[in-house]
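Have the structure open as you read.

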Amino acid sequence: MTGTIIGNQNPMVGKAYPYEIQPSGLSFGLKGEYEWHLYKKQKNGTWKDITNQPKTGEKVTYNFGEIALGIEFQMKVYETKKGIFPGLPATKELAATFILIPTSNKVPKIDKVILFNRGGKDVNKASYHDTLIAQAHCIAMFNKEIEFHLWEDDAPGKGHDPNINKNNRHTRSYKALVNEKGIAEVPIPLMSDEKILRQVANQFMMKGDKNEGANHEYYVTATYSGKIQGASQVNVDVANPDYKGQPQNQPKPQPKPQNQNQPQQHTPKFKGNIIEALFIDDTGNELSKVAVGDKVRIRIHSKNMVGKHIQYVVWEYDTTSNDEVYRSGNIKIPADVCDTSGFVISKEIFGKGIDSRIGDPDSDTQNYFIEIISKELSAESQKFGVNSEGLMEVEKVKSAAGVQKQNKNQTGEKCFCNRDFEEKDVKQLVKLLKGTETIWEGQALKGGKRAPCNISDKSFATLTKGLNSAFKKYNINTCIQKIHFLAQACEEAGTFALSEETKSDYLSSQSIYKGRGLLQLTGVRTDEKDLTTLFNKPGPYKDYADYKNDQNIVKNPSILANNANYCIDSGAWIWSVNKKMTSNPKSDAITKWGKETLGKSLNELALYGDKYLELISVLLNGRNSETEMPNGWQIRKNNYDLLKTGFFIYNKFHGNTSPSTPVNAKDIVTYHIFANGDIEKHIPKNIKLENQYLYQYIYHDKNNKEHVICKAEWHITQEKLNGQKPGIKPTHSKILSDIPVSDGQTKRRVKYQNGDIAEYGTNEGKSFWVLYKVTGRKIELVKMPDSLNYNNSGISIKYSFTNTKRRYTEPGHLAVFIGVLAECGYSDVQTTGSCFSEASCFPSVEHVNGKSIDTLYLDDIREQKLINAFHKFGITKQLRGSKKKAFTHTTDGKKLHNSHLHSGIIAPGKIKIIKE
């Protein structure tokens with residue numbers, strides 16, 4: 001080694017320290033360039049390189065987050081020198097090493113303890129059917145174990161008297177480790193110990209009390225190293241089931257006579273105040289988990305504040321100091337309940353919450369809360385969501401592949417084939433899909449209301465037992481069968497939030513035999529030929545009743561929504577017995593999907609893995625006429641992917657579905673397009689910071705030579721439905737902006753508060769409006785290169801845009817287009833594009849979400865070759881004009897397509913996903 005590192009070997013966490021490389025006296029020749037790497041010592045004694053982007057230069061700084069506290073790190077500095085003589089290669093050698101262990105000047109302690117009912121309308125009230133959440137907010141205690149105990153409070157007034165409450169401690173303890181945020185959190189299910197808790201609460205009462213009153217008051221203590229170090233200050237009132245009310249003969253308290261000599265007291269004027277503030281999405285649903293690129297809005301509940309001005313600030317929560325990430329302008333309160341226009345969580349906003357580039361957990365996930373600042377003197381500023389369920393988790397975008405850490409299966413090295421779930425497994429599963437460990441909470445509605453769930457037993461224990469019983473009874477035995485079943489059930493029932501269809505404009509929801517149970521068992525119409533009649537004939541309800549030999553199901557159909565066992569069992573019956581593929585070998589469905597699907601149940605189709613996910617979804621809930629995909633497809637697909645990779649860890653136990661295909665992408669997500677028509681999306685574990693929002697496209701010719709074609713920037717936007725032509729400018733929602741544009745044929749664009757977009761322009765001599773409504777889901781779009789002009793080793797990939805600014809498309813569509821251009825080798829392909837940056841697409845109604853690309857016609861011979869290439873690379877829908885030749889693989893798209901070919905909808909499963 002040729003140098004020495006000078007710096008602090010015990011840096012304080014949260015503070016930046018300088019480090020310098022000093023060459024030794026024995027260093028000869030020209031001074032080179034220095035590169036700094038950081039290694040973390042593992043439990044087995046080895047060193048792991050955790051360098052993201054190496055620092056360079058003689059002097060650098062490092063700032064370690066609290067997660068690095070007490071861990072041994074090693075710095076390594078490499079020196080690169082140019083060759084002494086021309087033509088000689090550069091040399092790179094290790095110049096110096098340095099060992100350091102971050103420390104803290106903070107005294108380890110439990111700073112605050114809270115107890116609350118996360119699923120309750122009032123977090124300080126609950127019933128014995130609820131699960132309470134206990135949290136200890138700690139300083140300098142990462143990965144330490146905290147032990148919680150639940151107490152029933154009999155002391156009068158505020159505070160807790162240890163002498164009065166000494167016999168009121170629940171015998172069970174709850175343990176949790178302090179996470180990177182400094183929080184230890186445990187769920188406390190009251191139902192599992194209801195009998196014991198009620199006995200304790202009613203046995204020890206204050207002297208003179210005849211009963212415990214309407215509520216049992218609970219608090220928690222937090223213990224570390226055998227010593228209680230904190231207690232929650234606000235009790236949770238749990239309704240006392242044994243309370244019978246006050247005796248009727250109890251005299252009413254009389255008001256005290258007022259002293260006439262005292263001056264008359266005037267009630268002070270009521271001050272305006274902010275009651276609540278929470279994060280919501282564009283549809284008004286409360287948010288608990290979002291990602292970079294998502295839009296969030298703030299809902300503000302106030303009193304006596306109409307006409308007053310406020311400002312809101314969004315803070316990133318830390319156990320020591322909070323970081324401001326966003327501040328609004330002044331807002332005038334229009335009503336007691338109002339929703340702000342909101343903002344998008346950009347990379348820049350997320351970056352404000354990161355204190356340190358090294359070891360800071362905020363670089364992966366953050367938690368946000370809201371501060372409301374009154375600009376008037378009549379109300380005080382308040383913070384919301386700091387101590388309870390109001391914290392909103394913000395992640396780096398999960399679809400950036402590899403950004404989110406994989407969730408580990410809590411059950412160790414055994415898969416779930418022929419094995420029961422434990423209660424902790426179901427909790428983990430729910431939290432993975434929903435973000436919180438809450439079940440049967442009902443459906444959030446607009447206006448802050450919630451449709452209730454009527455399941456009588458809402459415990460995780462009953463849910464777990466019911467799932468295990470149904471899996472055994474209906475032969476849902478293997479991991480892949482359970483993944484498929486749960487992916488569908490969690491879409492139908494909102495991840496165990498609902499047990500029946502919520503009343504809406506759908507006729508089925510207004511019917512006697514509405515959708516109920518885990519897979520929404522639904523009756524049939526009174527008159528099956530009349531689509532205006534209700535679903536008041538039992539149909540499948542009768543079939544299920546006959547199967548179980550229980551006709552009460554027909555007489556009392558609500559049992560499927562009220563009884564957890566019936567709710568779960570009915571879903572498994574639909575899955576394995578009721579819903580099947582057609583048994584007609586000549587049907588269109590069998591022609592499309594193949595004879596191996598003939599007559600098979602959903603449970604049997606699940607055994608084929610990914611292959612029939614779309615078919616299973618269609619058999620369960622039909623196909624959307626606008627998107628041409630299964631209803632609820634995105635949620636079903638996301639559930640399936642998350643369960644397979646994040647909970648069941650399927651490839652770990654059952655092998656990669658493509659074990660012979662290694663990831664061919666070093667530090668960027670890459671689309672590989674092959675000359676035989678295959679397309680693969682390769683996702684590496686580690687993605688360079690500068691590549692987080694880029695996709696790379698590589699073409700492989702017939703000789704398997706790689707051609708790096710381009711990189712394209714991607715972003716997240718809201719998915720749109722196919723456009724509607726309303727005739728006049730839509731006014732269905734509050735208009736946020738209405739501006740003239742020059743985007744090809746598009747001359748005007750209107751954006752609405754609910755996320756919809758309307759566009760106005762001219763096409764074929766006619767001027768009109770098109771309205772694009774949001775679905776509530778998110779999609780990815782890439783910006784297509786303004787042109788391509790690649791020519792190398794016999795491969796020519798060229799195109800140009802004409803008369804359009806619709807230069808965004810779905811990432812897979814760009815891969816398909818590149819494959820088509822390489823297949824044909826034409827130099828004169830012109831495209832009128834796909835969609836705009838927010839997924840709208842005037843004058844088209846079908847190009848939404850970048851799901852299709854238009855190209856101007858070539859001569860008939862070359863056009864057919866282009867069409868064949870689109871078909872080869874997976875395009876399933878190609879529309880030609882009514883005046884054009886009836887090309888193979890196309891259908892008549894009428895006069896609208898006389899000037900161009902429409903190529904859209906990639907075959908499901910066409911693009912193979914390969915993860916490192």
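Start at helix H12, residues 613-621, where Leu613, Glu614, Leu615, Ile616, Ser617 and Leu620 are buried. Buried here means under 20% relative accessible area, with exposed over 50% and partly exposed in between (1.4 Å probe, protein chains only). Helices (H or I, at least four residues) and strands (E, at least two) are DSSP runs, numbered from the N terminus.

Before going further, a word on the source: this is a predicted model, in which local features need pLDDT of at least 70 and side-chain atom pairs count only at pLDDT 80 or more, while totals for chains, interfaces and linings use all residues. Residues are numbered from 1 along each chain as its sequence is written, and side-chain values use heavy atoms, leaving out hydrogens and water.

What do the buried residues of H12 pack against? Their partners are helices H5 (479-492), H9 (564-578), H10 (588-593), H11 (602-605) and H13 (633-647).

Now turn to the strands. S34 (residues 706-720) pairs with S39 (residues 774-783) in the antiparallel sense, over six bridges; two strands count as paired if DSSP finds at least two bridges between them. Thr717 has Ile779 of S39 as its bridge partner. S39 also runs antiparallel to S42 (residues 808-809), joined by two bridges, and there Lys783 stands opposite Tyr808 of S42.

Stepping back, the protein chain has 16 helices and 48 strands, and 49% of its 916 residues count as buried.

Methods: Contact means heavy atoms within 4.5 Å.
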